[in-house]
Amino acid sequence: MMLLQLSAELVGSPLREVLNIFIGAWREGFVQVSGFVGATILLFSLVQYRFDGRITSWLEENERAQPLAGALLGVTPGCGGAIIAMPLYIRGTVSFGTVVAALAATAGDSAFVILALAPEAALYAYGLAFVSAILFGYAIDFGGLGVGKVDAAVEQMGRPLTDGGFATENVAAGGPSLPDYEQPDGHEGDHEHGHSRDHGSALPSYLPESRLLERVSHAVHVLWWVVLAGALVAGVLYLARGAAEPAWAVTATYDGLFTLSGLIGTTLSFYLYFVGRHYIGQSEAGRVRDTFGSLYNTFQHAAMETAMVTVWVIAGYLLYEYGLLITGVDIQGLAAAAGAAAPMAGALLGLIPGCAAHIVFAQLYAVEEAIPFSALVANAISQDGDALFPLMAIDMKAAIVATIYTTIPGVITGVLVYYFWPYAQFGFGVL
């Protein structure tokens with residue numbers, strides 16, 4: 001992620017540079033990622049609302065179609081489709097091969113950069129990712145591919161590190177990751193029921209019982225959607241302008257829309273995740289709903305899921321940017337490595353959760369033309385985008401095993417592209 005310096009006087013001061021990165025991530029994360037994530041999660045939630053849970057029931061009854069369904073969810077631009085698949089695994093509805101298929105097919109929000117700036121490359125790269133995802137997903141479900149051994153090895157890392165309290169006993173066998181999973185009441189959080197906080201759930205120790213905060217949280221939820229709409233418009237304009245860094249502004253312009261929607265949207269998301277969800281329902285993030293009690297409840301669910309992703313995205317952005325600041329690693333230099341090392345580097349970069357590193361990687365391909373197409377393909381398959389975060393939040397062991405198993409097809413496909421499609425190199429498909 002390329003961050004604009006707030007002013008010339010900030011340059012050269014380590015403390016100011018740290019602050020610069022923090023404020024930049026706070027602004028850019030919501031526009032570059034959350035706007036698209038929120039839109040796609042809402043779309044899938046509305047489909048679920050429209051069909052009243054029949055899609056989830058169909059997946060439960062048609063196990064052989066699950067990896068294909070997972071790949072279809074993952075190949076949709078952004079992270080929203082793949083995010084939908086994670087809670088389905090957590091509750092034991094879909095197989096581990098479906099999780100891997102969804103994660104391997106998704107290119108996260110970096111897909112929007114490539115689609116806008118290198119559409120031909122996007123067609124081939126994401127087509128290869130889709131095919132690889134299906135093949136690998138079915139291979140895991142029907143052949144195992146050693147998932148049990150990898151599961152056992154990850155287990156040795158220690159339960160506090162690998163599950164945070166919940167974990168499947170056998171990742172390949174599937175969930176539920178949460179013991180005694182129960183489908184929430186379809187009317188939970190429905191504002192027409194008055195006091196809409198989760199029935200029987202206790203507030204965290206840092207929050208008081210308060211009808212005022214309940215009303216405030218509903219108001220914040222509505223405002224959040226208004227801000228998200230602005231962020232989505234700013235995100236589309238950002239891509240249409242070639243992913244050029246917008247100026248810092250508080251005006252009725254594109255730059256002002258990008259700045260205000262980013263800063264306000266991230267702030268509201270943190271409120272909804274740490275405070276609001278405990279007062280207006282949906283306090284257990286990462287649980288898929290079979291159906292929703294009302295249209296308002298559908299919007300509320302999508303907002304809470306996106307708020308959770310936003311929190312993790314900002315954390316990922318900061319870890320990535322501060323990591324580069326401390327280590328001085330030159331990603332462009334690594335990505336442009338000669339020979340078969342290039343797709344391998346792209347696949348290994350895919351181990352980093354979130355979208356920050358991969359948006360930079362996509363820009364290096366489509367804007368700088370600094371990395372080969374084989375590396376882009378490898379990264380598209382290996383990276384999990386923000387879809388891994390819901391799984392990390394509930395079942396860290398399954399998340400670790402899953403990201404290992406999306407890296408393998410990334411390396412294989414990337415190296416094959418390098419050797420058998422040599423003319424598709426730097427700048428392939430770039431407008």
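I take buried to mean under 20% relative accessible area, exposed over 50%, and partly exposed in between, with a 1.4 Å probe and protein chains only. By that rule I find arginine 27 buried, and glutamate 28 buried as well.

I note that this is a predicted model, in which local features need pLDDT of at least 70 and side-chain atom pairs count only at pLDDT 80 or more, while totals for chains, interfaces and linings use all residues. Residues are numbered from 1 along each chain as its sequence is written, and side-chain values use heavy atoms, with hydrogens and water left out.

I looked up salt bridges next (a side-chain nitrogen of Lys or Arg within 4 Å of a carboxyl oxygen of Asp or Glu), and the structure holds 3 of them.

Arginine 27 pairs with glutamate 28, their closest N and O atoms being 3.7 Å apart. Arginine 27 also forms a salt bridge with glutamate 245, here with 3.3 Å between the closest N and O atoms. Because arginine 27 lies in helix H1 (residues 14-51) and glutamate 245 in the loop between helix H10 (211-240) and helix H11 (254-280), this pair ties together parts that are 218 residues apart in sequence. Helices here are DSSP runs of H or I, at least four residues, numbered from the N terminus. I read 0% relative accessibility for arginine 27, whereas glutamate 245, at 27%, counts as partly exposed.

I then turned to helix H10, where arginine 211 and glutamate 214 are 3 residues apart, so about one helical turn separates them. Their side chains meet in a salt bridge at 3.4 Å, N to O. Arginine 211 is partly exposed at 44% relative accessibility, but glutamate 214 is buried at 4%. Through shared partners, salt bridges join Arg27, Glu28 and Glu245 into one network.

Conventions. Helices (H or I, at least four residues) and strands (E, at least two) are DSSP runs, numbered from the N terminus.
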